[in-house]
Amino acid sequence: MPATSPSVPSPPPDLSAKLPKLVPRKRTSISRAPPSAPPPPTPTLVPPPDLSSHTYTRPSRRILSPEDHALFLSSPTCTLVQAFIFTITDSAQDRAVSSIKDSDITDTIGKITLILREAHKILAAHPPEDTGSRFGNPVFRSFVAAITDALPTWHAQLGLTNPSQVDEISTYLGASFGNPSRIDYGSGHELNFFLWLLCLNRVGLLPPSSFPALALVVLPAYLRLMRAVQSAYYLEPAGSHGVWGLDDYQFLPFLVGASQLRNHPYITPRSIHNALVLEEERAEWLYLDQIAFVNSVKNVEGLRWHSPMLDDISAAKNWGKIEAGLRKMFVKEILEKLPVMQHFLFGSLVPPVEGMSTEDEAAALPESEDADGGEVKVFTDDQGKRHIHAAVGWGDCCGIRVPAALGAEGEERKTGTRALRRVPFD
């Protein structure tokens, strides 16, 4: 049988004409996010005015329209407020509370802290009514009325006896405790406290050399007082965004506190999640103290659940970035927010801009008759059911209005029912 020759494989097809010619890929430029805007700088704080022939006026609301607000934002008064707040913030940089010595406590600083202690006594003399409600307690209005009665005496202790001068300056302090009609408190009331300090600066009682003590002695004393007031009367957060806000009540302790920690050698932004750090360091650092207080009044454990914005901020690389962000936030979320600034009070020391509306021209209702305010009524209906009704909405007796965290926490503490910790909706 003849042998078969092996089959010869056919040559591979020539694909060179079919394949596309390889062209080096061009390197595409990487699109980068534009750099964020720099934080607002600290404007120069102008010296106090000459008050030898000054005429004082009772403060009133003058931001009654978007046009009024625009006038304010471009005014020297807006710059003055920003300069005062930021200069106080700068004075606290890299300083612990204990860095303030007795020699730093001027006579005026001592009298201010005494006034705040007197306010504590007024609080103790007006205990809240046990309504069983987690909403604002109506006795708060009696507390504010007693504060108002004490204002002339307090300012006389500061050496201010001119009636028109006292009337103007004391209005800001009276407005720094919250709104008695709505029984609420927010960053606008906190700002009023600093406007009171600004007025004292304008009349020469608080020179810039006293600013570190304002930041690290007076501000903590005010915070302790307001925490007691908020806890006693269950003040509702004014204009709160609930868990999506920075804090229900305060803003400036975070700003000043970030400046304190700006170059701290071992406390980092993530340290706010460490309970031991908060416990051991809160007495020295305002930011940590405020975080600890927020944790204590919320009905769920963990910043990520009850204060997600504070949780997000803790991811920043350093305290300098946090301070820069909070400076922007102060401008954007307070000074540039009409719902906050429509309650801003202008007098002669914190003057309005020519062209701004007046309350009479705008036919603006007083705060007590504002649609957001009104009386809180406590009564028993025909069936014997007890009701606590606010002017807007209903109480938890027959509606779904949600109270502040302080109210919920306070009532749970009274009844001892703290086992179930739901995510709060305030």
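These are my notebook entries on a predicted model of one protein chain.

**Ground rules.** I number residues from 1 along each chain as its sequence is written.

**Overall.** I looked up the secondary structure and found 15 helices and six strands; helices (H or I, at least four residues) and strands (E, at least two) are DSSP runs numbered from the N terminus. Of the 426 residues, 48% count as buried. Buried means under 20% relative accessible area, exposed over 50%, and partly exposed in between, with a 1.4 Å probe and protein chains only. I then took the contacts (heavy atoms within 4.5 Å) with a separation of 6 or more, and 78% of them join residues 24 or more positions apart.

**Cysteines.** I searched the whole structure for disulfides (a pair of cysteine sulfur atoms within 2.5 Å) and got zero. Cys-78 is buried at 5% relative accessible area, and Cys-199 is buried at 0%.

**Core.** I counted a nonpolar core as a set of buried Ala, Val, Leu, Ile, Met, Phe, Trp, Tyr and Cys residues joined through side-chain atoms within 4.5 Å. The largest has 103 residues, and those touching the most other members are Phe-143, Trp-196, Leu-197, Tyr-287, Leu-326 and Phe-344. Helix α7 (residues 211-233) gives the most to this core, 14 residues. I followed up Tyr-287: beyond four places in sequence, its contacts include Pro-253, Phe-254, Ile-272, Trp-319 and Leu-326.

**Helix pair α2 and α6.** What angle do the axes of α2 and α6 make? The axes of α2 (residues 76-91) and α6 (residues 187-202) cross at roughly 95° and come within 11 Å. Axes are lines fitted to C-alpha atoms, for helices over the stretch in contact, and angles run from 0 to 180 degrees between N-to-C directions. So α2 is roughly perpendicular to α6, a label for 65 to 115 degrees, with under 35 degrees roughly parallel, over 145 roughly antiparallel and the rest oblique. From α2, the contact is made by residues including Phe-84 and Ile-88, and from α6 by residues including Leu-191 and Arg-202.

I found Asp-247 in the loop between β3 (236-237) and α8 (252-260), buried at 18% relative accessible area. Its side chain makes a polar contact of 3.0 Å with that of Gln-290; a polar contact is a pair of N or O atoms within 3.5 Å, where within protein one must be able to donate a hydrogen and the other to accept it, and residues adjacent in sequence count only if both atoms are side-chain atoms. Beyond four places in sequence, Asp-247 touches Phe-254, Gln-290 and Val-294. Val-294 sits in helix α10 (residues 286-297) and is buried at 2%. Apart from sequence neighbours within four places, Val-294 is in contact with Asp-247, His-306 and Ser-307.

**Glu-323.** Is Glu-323 buried or exposed? Glu-323, in helix α13 (residues 319-335), is buried at 2%.

**Positive phi.** I noted Asp-94, with phi near 60°, in the loop between α2 and α3 (107-125) and partly exposed at 40%. Ile-183 has phi of about 55°, lies in the loop between α5 (163-174) and β2 (184-185), and is buried at 1%.

How values were computed: This is a predicted model: local features need pLDDT of at least 70, side-chain atom pairs count only at pLDDT 80 or more; totals for chains, interfaces and linings use all residues. Side-chain values use heavy atoms; hydrogens and water are left out.
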